[in-house]
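Here's a quick briefing to read alongside the model. Take a look at the structure first, then come back for the tour.

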Amino acid sequence: MAASTQVIVLDRSNNTTCTINLHGATVVSWRVNNQEQLFVSKLAVFDGKKAIRGGIPFVFPQFGAWSQFGPNHGFARIVRWTLERGPERLPNGDIEAVLSLMDSDFTRSMWNYPFRITYRIILREKELHFHIGVYNPSKDLAFSFNLLLHTYLKVPDVRRCQITGLHGCTFIDKTRDGAIYQEGREVVTVNEWTDRIYQHTQQEHIITNVVSGRKMRLQKYNFPDTVIWNPWMDKARETPDFGDDEYPNMLCVEAGHVSQPVLLLPGTAYEASQILQVIVNPKR
Ligand code: TA6
């Protein structure tokens, strides 16, 4: 692969593709039957300096605000990752790419730990699989981190979306100074600025009325929390790389390990996975 390659495309033909920008290992497009499933702002910046506004940015080692010199949501989404393998067609017809990230002078200037991350992305007919391994190569140093896939789903109208799998969960409400509440609704809807870290959520969420009125299934493993975010009008207007009129067309449903950090002992690894699946048959 040429050193200058920045974008890789997993092409399954029949108009099913996944495009990954090595900047931040950000999935910037996922087309199923030629229909885009992910939201990317028309004002997104691809200068390699800031996070891409949309798609699926990779959040590590910090979710949210970091100390005074650490970037919001950590550094993984603003550094260039390495393409280790692929894109290649596996014997079962899946298309796979493996990306990696390890510590560097830049990362150590903010977070002085050695680490290795492998990130396998697998494209199936109507599914996108994400398998993450975080490894601590140190012989004597433990470290703790947050990990989250910041998934921006594309939706015709966020006010018509319903999200399952949150009933009864406590959540940290960032629109109310981080106060903690319990979700009493069977299905959650979004009709205002919403920024909630739901804790110990179910392994499966169904999001209705995504692109073309279909449903999206999100399954997660070793991601105990789920963040639900829509900036709504005012916050969107305050965000330079977010179009004023775009907020109705996106919904962030983010699988992560964020309300408590992961503690990784020397010589050990942490693995987590997410599966996104477009549900074509509305009965399922
Ligand atoms: O995941 C939700 C959130 O933490 C919101 O608070 C908002 O800040 C969003 O992430 C986007 O953050 P960014 O740094 O990409 O503008």
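A polar contact here is a pair of N or O atoms within 3.5 Å; within protein, one must be able to donate a hydrogen and the other to accept it, and residues adjacent in sequence count only if both atoms are side-chain atoms. This is a predicted model, where local features need pLDDT of at least 70, side-chain atom pairs count only at pLDDT 80 or more, and totals for chains, interfaces and linings use all residues. Residues are numbered from 1 along each chain as its sequence is written, and side-chain values use heavy atoms, with hydrogens and water left out.

**The ligand and its contacts**

- His-73 has a side-chain N or O atom 2.9 Å from an oxygen atom of the ligand.
- For Arg-77, a side-chain N or O atom is 2.8 Å from a ligand oxygen, and for Lys-174 that distance is 3.0 Å.
- On its own the ligand has 390 Å² of accessible area, and the protein covers 82% of that (areas come from the Shrake-Rupley method with a 1.4 Å probe).

**The ligand's surroundings**

- Residues around the ligand, meaning those with a heavy atom within 4 Å of it, include Arg-53, Phe-63, Asn-72, His-150, Asp-195, Val-227, Trp-229 and Glu-254.
- Sorted by class, this shell has three nonpolar, three polar and five charged residues. Ala, Val, Leu, Ile, Met, Phe, Trp, Tyr, Cys and Pro count as nonpolar, Asp, Glu, Lys and Arg as charged, and the others, Gly among them, as polar.

**A four-stranded sheet**

- Four strands make an open sheet in the order β1-β2-β3-β4, and the pairing is antiparallel. Strands are DSSP runs (E, at least two residues), numbered from the N terminus, and two of them pair if DSSP finds at least two bridges between them.
- At the edges sit β1 (7–11) and β4 (35–36), each pairing on one side only.
- Five bridges link β1 to β2 (residues 17–21) in the antiparallel sense, and Ile-8 stands opposite Ile-20 in β2.

- Most residues other than glycine have a negative phi, and most peptide bonds are trans.
- Phe-60 and Pro-61 are joined by a cis peptide bond, with omega about -5°; Pro-61 is in the loop between β5 (58–59) and β6 (82–89).
- Another cis bond runs from Gly-86 to Pro-87, with omega near 0°, and Pro-87 lies in strand β6.
- His-200 isn't a glycine, yet its phi is positive, at about 50°. You'll find His-200 in the loop between β14 (194–198) and β15 (204–207).
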